Amino acid sequence: MDSILLIALLAPPMFAAAVAILARRAPVGAVWFDAAAMPVSAGAAAAIALRLAAGGAPLVIGTAWRLDALSALLALLVSVVATLAAWLGPGLERRGGVPGTEIRHFRIYANLFASTMLMAVSTSNLGVMWVAIEATTVTSALLIPLRRTKPALDASWKYLLICSVGIALAFAGTVLAFVDYATTGGDLELALNWTTLRTAAPSLHPEVAQLAFVFLLVGFGTKAGLAPTHTWLPDAHSEAPAQLSAVMSGVLLAVALYAVARWKAIIDLAIGPAFTDTMLLVVGMATVVVGSVSLLSQTYYKRMLAYSSIEHMGLACVGLALGPLGVFAALLHLTGHALAKSTAFLLSGRVYARYRSGKIGAVSGLLDTAPATGVLFAATLFALAGLPPFSLFLSEILIVQAAWRTAHGVVTALVLVLILLAFASLVTHLQRMLFGKAGRDEAGRDVLRGERASVPLGILALPVVLLAWIGVMLPAPLRMLLTYAAEVVRP
Amino acid sequence: MDATFSLLTMTGASAMLLLALAVLWRHHVPAYITAFRMQSVALAFVGAVVAWFGDVSELFLVAALILALKGWIVPRILARMEARRPGDRGLHPLVNTEMSLLLSGGLAVAAYEISRPVAEVISLPTRGGLPLALALILVSLFIVVSRRQVIAQIVGFLMLENGIALLALLGAYGVPLVVELGVFLDVLLGVLVMQALVPGMGEPSAG
């Protein structure tokens, strides 16, 4: 049963990529296969998550695969967001006008990208986790310049170089931890396995463990968009096709932060949580400052969403440093952000299709020209700004509460101020887009008015409803899953 | 026996660091590629030495793979990219030669300081080379951030990978084989993707 669930989780995106590679003549068939396959993956992730939320044992297959509550949470987020991207990706709309090769490229690399992320969160070997996360860079870098424009190529190159170098430093950290483990005389073949490392962790050498964590935080932090190596993120996330931005912003950053959290749990067993907490707090706060302050002056809406991702990753990083309640809040925050940000990016694609411009100033009267898209876009931005009833409101309150409880008076105040700043910037930019009179697009044509109810709109409404539901009710299975996942990071 | 082992690995590790430092005063991309090729050969040599003296037979396979991939295939890809690259052949690094060497000297000293706790807990005869591995990591990082030409940046990144591989070889006789193979795959794919992205671009900086 366990292996069937694992195969159902990992195989669909791989098959979908393979079908897209083979279906040279009929990309449409590959698209439909993809749209039908991804929900299988999400269903398997949900089944695993429900089992773990009910207090079930981790899903362990041999020594290679292991999904505990933390893995299950990430697998669920990745597969759900990848499903949204598959459903709304190029090739399904009737009047698409997207070239067949572009559709095929998207379906190949988006699915390989999803596979590598799912592999990263379900492997039990922290070395293989590194390999998979490095592979996410390669697969997604190929998709950013789908249209092969110069800014997209430049952004992709910057992303590839900075993240490859960053992630190489994370490998140096992994090797340092492995070298340290080797001195304890354990079995070297299984050395990087989560359970082996956890058992051996108390006998690691404090100074080496600290050094390893510094490398790991800088490395995976680069990939998670943490300051000061976040510089690739605004370019990559704004130049990528909307469906890819949705997956990169929504879940890839969370997967990188997942790697940090995994290693934190190990290093904490060796030297206690004080060191890693301080590091995460400093890096996290710096990131929130960068994200919130940069939000003020954005002129492109996709860049605005990208800086908002930096702000939210910073908040989650701060949460990880604030004890058990903070870790719970951080994971809830990642959940809310995955849903809200991916939906916002998918909607930004619809906005672009209508106005043919990425500038905030060029979009006006969105509520008038495209009422449904406008309302949904407003809802996701309200969610990202931390307004009730959405779940990010709840997680931000919990992060502030955790900061207060762990007696970080200054941190509490600073976080509150920065959250308010981000809120003000987002809402200001949003109201410029929503209201006013719709003008002409870049080509000088009148912007198309009105939109009919359609399947994509229905799909895009789902995450918004889900966000409100989580924010108001915090359903018991999710609460339990988050509780168990938090216990993995901070027992 | 241990003395020979230690001497051979130290020689290989020193050669690797020297090759990274050597590119700092070179102004042409082919010199970078050659230095990387020779450095990879030195890494394969260290791998083979550790395999022989440390009695880890799978490292022979790893050494052979290093030789094939980093000593031959990747340098060939880089040379092809260089041949196709249009325009200005100069490197124009952000930091001049004298300053580069001075800073790298500082990084090497820092590497000795940083690696002391690691070298202290290890009892393997190869531990003497650990500061060299860390120095190689830091100097390569410096190459990436201080060069503006894309192929020089890629070489810096690949030298960084070599430094980490050296660290793993000297500190623990290599990481588990499955991880090692995964890393090879990532390096190859990474370089192929970098190659695919480069044509048609100017000279971007690392930001």
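This is a predicted model: local features need pLDDT of at least 70, side-chain atom pairs count only at pLDDT 80 or more; totals for chains, interfaces and linings use all residues.
Q: Which radius of gyration does chain A have, against that of a compact globule?
A: Chain A counts 491 residues. A compact globule of that length would come near 23 Å. Chain A agrees with this, because its radius of gyration is 21 Å.

Q: What box do the C-alpha atoms of chain A fill?
A: Chain A is built with 19 helices and 2 strands. Taken along the principal axes, its C-alpha atoms fill a box of roughly 70 × 55 × 45 Å.

Q: What percentage of the contacts in chain A between residues at least 6 apart in sequence join residues at least 24 apart?
A: Burial in chain A comes to 63% of the 491 residues. Contacts are counted here between residues at least 6 apart in sequence. The share that joins residues at least 24 apart is 80%.

Q: How are H1(A) and H2(A) oriented, roughly parallel or roughly antiparallel?
A: H1 covers residues 2-22 of chain A, and H2 covers residues 27-53. Their axes lie 8 Å apart, at an angle of about 165 degrees. An angle over 145 degrees counts as roughly antiparallel. Therefore H1(A) and H2(A) are roughly antiparallel.

Q: How many residues of the contact of H1(A) with H2(A) are nonpolar?
A: H1(A) brings residues including Leu5(A), Leu9(A), Phe15(A) and Val19(A). H2(A) answers with residues among them Phe33(A), Met38(A), Val40(A) and Ile48(A). By class, the contact has 1 polar residue, 1 charged residue and a nonpolar group of 18.

Q: Where is Pro228(A) found?
A: The peptide bond from Ala227(A) to Pro228(A) is cis. Its omega is near 0 degrees. Pro228(A) is found in the loop between helix H8 (206-223) and helix H9 (232-239) of chain A.

Q: Which residue does a cis peptide bond join to Pro388(A)?
A: The omega of this bond is about 5 degrees.

Q: Why does Leu474(A) count as partly exposed?
A: Leu474(A) lies in the loop between H18 and H19 of chain A. Its phi is positive, about 40 degrees, although it is not a glycine. A residue is buried at 20 or more other C-beta atoms within 10 Å and exposed at 12 or fewer. Leu474(A) is partly exposed because its count is 14.

Q: Which residues does Leu474(A) touch, not counting those up to four places away in sequence?
A: The C-alpha atoms of Leu474(A) and Ser391(A) are separated by 8.1 Å. Along the chain these two are 83 residues apart. The residues that Leu474(A) touches are Leu394(A) and Arg479(A).

Q: Which helix gives the most to the side of chain B that touches chain A?
A: The contact involves 34 residues of chain B and 38 residues of chain A. H4, H5, H6 and H7 of chain B each supply at least two residues. The side of chain B has 26 nonpolar, 6 polar and 2 charged residues. With 10 residues, the helix that gives the most is H7(B).

Q: Is Tyr173(B) buried or exposed?
A: Tyr173(B) lies in the loop between H6 and H7 of chain B. Its phi is positive, near 55 degrees, in a residue other than glycine. Within 10 Å there are 21 other C-beta atoms, so Tyr173(B) is buried.

Conventions. Residues are numbered from 1 along each chain as its sequence is written. Chains are lettered from A and ligands numbered from 1 in the order in which they are written. Axes are lines fitted to C-alpha atoms, for helices over the stretch in contact, and angles run from 0 to 180 degrees between N-to-C directions. Helices (H or I, at least four residues) and strands (E, at least two) are DSSP runs, numbered from the N terminus. Angles under 35 degrees count as roughly parallel, over 145 as roughly antiparallel, 65 to 115 as roughly perpendicular and the rest as oblique. Two residues are in contact if their C-beta atoms, placed from the backbone, lie within 7 Å. Ala, Val, Leu, Ile, Met, Phe, Trp, Tyr, Cys and Pro count as nonpolar, Asp, Glu, Lys and Arg as charged, and the others, Gly among them, as polar. The radius of gyration is taken over C-alpha atoms; the globule rule is 2.2 Å times the number of residues to the power 0.38.
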